[in-house]
Structures are given as structure tokens and as C-alpha cells.
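Morning, everyone. I'll talk about charged pairs first, then about nonpolar cores. Here is the model.

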Amino acid sequence: MGAEDAGGRGGNLAFLALGQAFRMGSGVAINVLLMRMLGVEGFGVYGYVMTLVGLAAFGAGLGMERLLIRELARVPEQRGKLVTTGLFTTAVLSVGTACAVLGWVAVTDGRKEVVLAAGFAAAALGLQSLATVLQAAFHAARDMGPSSRGQMAGRMALVVGTLVGLAAGLGLLAVFVAQVLDALVTLVWIGWAYRTRLDAAPHRVRFADITALSRRSLPFGLNMLFGSIYLSADVLLLEHMRGDEDVGLYRGAVMLIALFPVIANTITTGFFPRLARRLGDPKGAGAELSFISRVLLAISVPAAVGGMLTAEPLMVLLGGEAFARSALPFLIMAPLLPLRFLNNGFATTLSTLNRQQDRTRGVMLAAGLNLGLNLLVIPQWGAAGAAATTLVTEVALGIWMRWRVSPLLEGFSLGPTLLRVCVPAGVMALALLGMGELHVVLQIGLGGAVYAGVGLATGAWRPADLRRLRRV
């Protein structure tokens, strides 16, 4: 165990992975359920509300959980002051954000069901934002077990609540009511664990502390805002230019593309405190990011290749024949998975090494580029055009992030890793092409087995990697 691990706990990445596995599994289950029960247009309305609230998420907390993780990893004695101030600030911001969301939907849409759905979604967002402040304290303390268990309990409440709501005839509203239940269960669970486990005395909140924390969080919040614009502009423009059906087809395609980066976020989140302690150590930071990037590429490259080769049967399996048309935008977007995984690693490194401004500028440029391209292509090409602009924007963002992170690192290179990963991914592609009419689930399983075997031989992944991840 290295010096940087002294006094820390291992196994936190496993807790994070378990929590995120619940998140991915429940997310897929909810999306598949809604795709099949609501149809393309109903699923489009769901996607529109989720995207709109996601766009507003920056206002509910300014992304301060990242700042709190970084600061608490360096000065844990400030826990009581930072967490108490963060909770109070987040509560105020969340109320304002919820009012803004409801006002926007009421004016621009006006449908009663959509307004109610947005209200429940905004309430869930506020509760989730409060929970992330407490999660940051556990994360910085390298004790992620209570936080992950709270998230798992919340996600189970989400699935059960959605099923009960649909059975009760709530329709689209079922999932949004269940989201409030999810967020409430998570917040109560993690709040109780924080009170009994971390034993941080509450701190008297002063207006000066609130303004100072808000000001320091602003670059993180702006990053969330521009990132949300980049990820949301296509859906919002599709809604206003093409209607619910195109949104539904696009959301069907983007469902898995959006969920897979949860894996990248889990890995980089686990390494966040370690990277934060690499400030002023370019060689150490380069070694950390080299390992992270190798793991990210080993997961994302085969996922992208397999997704491209099984696009149509995969979409039909998830949503039914009505979503077969989602295969084209899914096929277009699949190659961005490795880029998005790598960009997550680059962005995390910038944040941990006090270069959040560079990360924010990059996402701001990506948001502007994506918005402009979507305005040009969506009127004519709809969901497929939106998918293409997303891919182009991710390439541009990757170039920016790689350029800005380079001066902070020593000994970092992607070439050898790409070679070790692409060879087994190519063998897997040949195997998939030779499987003919085999069911798509079997294709994915056999393709993954081929990749794992060849990847072990080429060094795309190593058993030692798993041991190293368990020590995080």
C-alpha cells in the first residue's frame, strides 16, 4: 500500500460500484418499463421533463459536492462547518430552482400532467442535492459504505414506487412520485448515518459562509450548467422542433449511452480524493490518470464496438418494435462512449488539481458548439442529426480536455493502452459478425467472453487491476 493510502480505508470503490450498479440496473428497468407502457410519444414526454430538470440541476447545488470532497480530503477538521453551510445553501438554492422549473413549464408547455411531473421532479432534485452534501463528507472520509447503502435503498424505493404508481393508474406521474420517494429515503438514510458515524458537530451558519461557499462553488456550478446545456440542448430542441415522437426515439437510443458513463463516474469518483492529494506532483498525477484511463478504455471500447454491431436488436429488445427506429441514432452515438469515459477522467483530474476553470471553459465551448450544430441539423434530420452533433461535440471536448490536462501530468500516454484494448475489441467484433441470427443477449454474452479472454492475453486488463481497485 502506497503512502497516499496511509490511514485510509480500502473497498470504497466496491461500495461505489455496488451503489452505481443499483442505479444502472434500476435506471434500465424504469426506462424499459416506461418505453413499453408509455410508447414512443409518452416516453418522449418523460424524456423532456427529465432533461429539463437535469438542465436546472446546477442551480440546486452549484456542484458544490465536488468542492466539498476536495476540501474535506485536505482539511477534514472543517467537516462540521462545511457540511452545515453546504446543507443550508443547497436548501435555499433548491427552492429557487424548483420555482424556476415550475414557472418555465407552466409558461412554455402548460399541460397539467407535464407541470405536475415537473413539480415532483424538481422536489426530488432538491432532496437529492441535499443528500450529495452528506455523501461528499463520507467520500472525503473514505467511508462510502453508508452512502452507497442509502442510495441502494432509495433506488429500490424508486422501482417499487414506480410499479405501484403504474398499477394505481398514475401513468406518467408514477415515476416522478417515485423519484421523490427515492430521494427522501436516500436523504434520511445517509443523514442518520452521518449523525451517528461521522460525529461532526453542527456549525452556526453565517451569511458570509454561505456567500463564500457559493462563490467558490460557482466554477463547479457553471461546469454543470454548460454540461447540462450540452447534454440537454438536443432533447429540448427536438421537442420544440420535431415533437414528442422524435424525443422518444432519441431518448430510447440515448438511454444506454447515458447510463454507461455512470461506470466512468464511479471509477473517477473513487479516485477523486487520491488525485486531490496529487496537487503539485505531476508524476504521481500522471501515474494515477494512466491507470484510470486504462480501466476506462478497457470497459468502454468493447461496449462501443458491441453496441454498434447489435444496435437494432438491442433497441427492439428494450423497447419493442416501435423503437427499432432508435437503432440509427444509437449506432451513431455508440463510438462516443470511449471519448466520454476518457473525458470524465480528464475532467476529474482538472477539478482535483485546482483547474476547474479549464474544465468549465471546455464544457462551455462544447455547449455552444452543440447548440449551434443542433439548430442546423435537427430541423432536417431529427434524432439522427442530434446524435451526430453529440458525437462531434464529444470529439471537440476531448481535444480540449487532453490539451488542458497535459501540463499537469508527467509520464501519461494513451497509445499503448489503445493498442492493448483495440486488438481484443477487433477480435470480438469478428466473433459477433460470425454469430448470425443468435439472440442479442447471447451475442453480447459471448462477445464479452471473447473480449475478456483475448484482453487478458494482450494486457487490456490484468488481475492485478482488480486488486488495485479494491484498495481505493
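Start with E394 and R340: both are buried. Buried means under 20% relative accessible area, exposed means over 50%, and partly exposed is in between, with a 1.4 Å probe and protein chains only. A word on the source: this is a predicted model, where local features need pLDDT of at least 70, side-chain atom pairs count only at pLDDT 80 or more, and totals for chains, interfaces and linings use all residues. Residues are numbered from 1 along each chain as its sequence is written, and side-chain values use heavy atoms, with hydrogens and water left out.

Back to our pair. The side chains of E394 and R340 form a salt bridge, 3.1 Å from N to O. A salt bridge here is a side-chain nitrogen of Lys or Arg within 4 Å of a carboxyl oxygen of Asp or Glu. What does this pair tie together? E394 sits in helix α14 (residues 356–405) and R340 in helix α13 (residues 336–352), so the bridge ties together parts that are 54 residues apart in sequence. Helices are DSSP runs of H or I, at least four residues, and strands are runs of E, at least two, numbered from the N terminus.

How many salt bridges does the structure hold? There are 8.

Next, R361 and D358. Their closest N and O atoms are 3.0 Å apart, in a salt bridge. Both residues lie in helix α14, 3 residues apart, about one turn of the helix. R361 is partly exposed, at 41% relative accessible area. D358 is buried, at 6%.

One more pair: D281 and R278. Here the closest N and O atoms of the salt bridge are 2.8 Å apart. D281 is partly exposed, with a relative accessible area of 27%. R278 is buried, at 18%.

Now the cores. A nonpolar core is a set of buried Ala, Val, Leu, Ile, Met, Phe, Trp, Tyr and Cys residues joined through side-chain atoms within 4.5 Å. The largest one has 72 residues, and Y46, V49, F176, Y250, L318, F330 and M333 touch the most other members. Which helix gives the most to this core? Helix α1 (residues 12–61) does, with 17 residues.

Take L318. Leaving out residues up to four places away in sequence, L318 touches V32, M35, R36, M255 and L256. Contact means heavy atoms within 4.5 Å. There is also a second, separate core of 30 residues, including A298, A347, V405 and M428.

That's my tour. Thanks.
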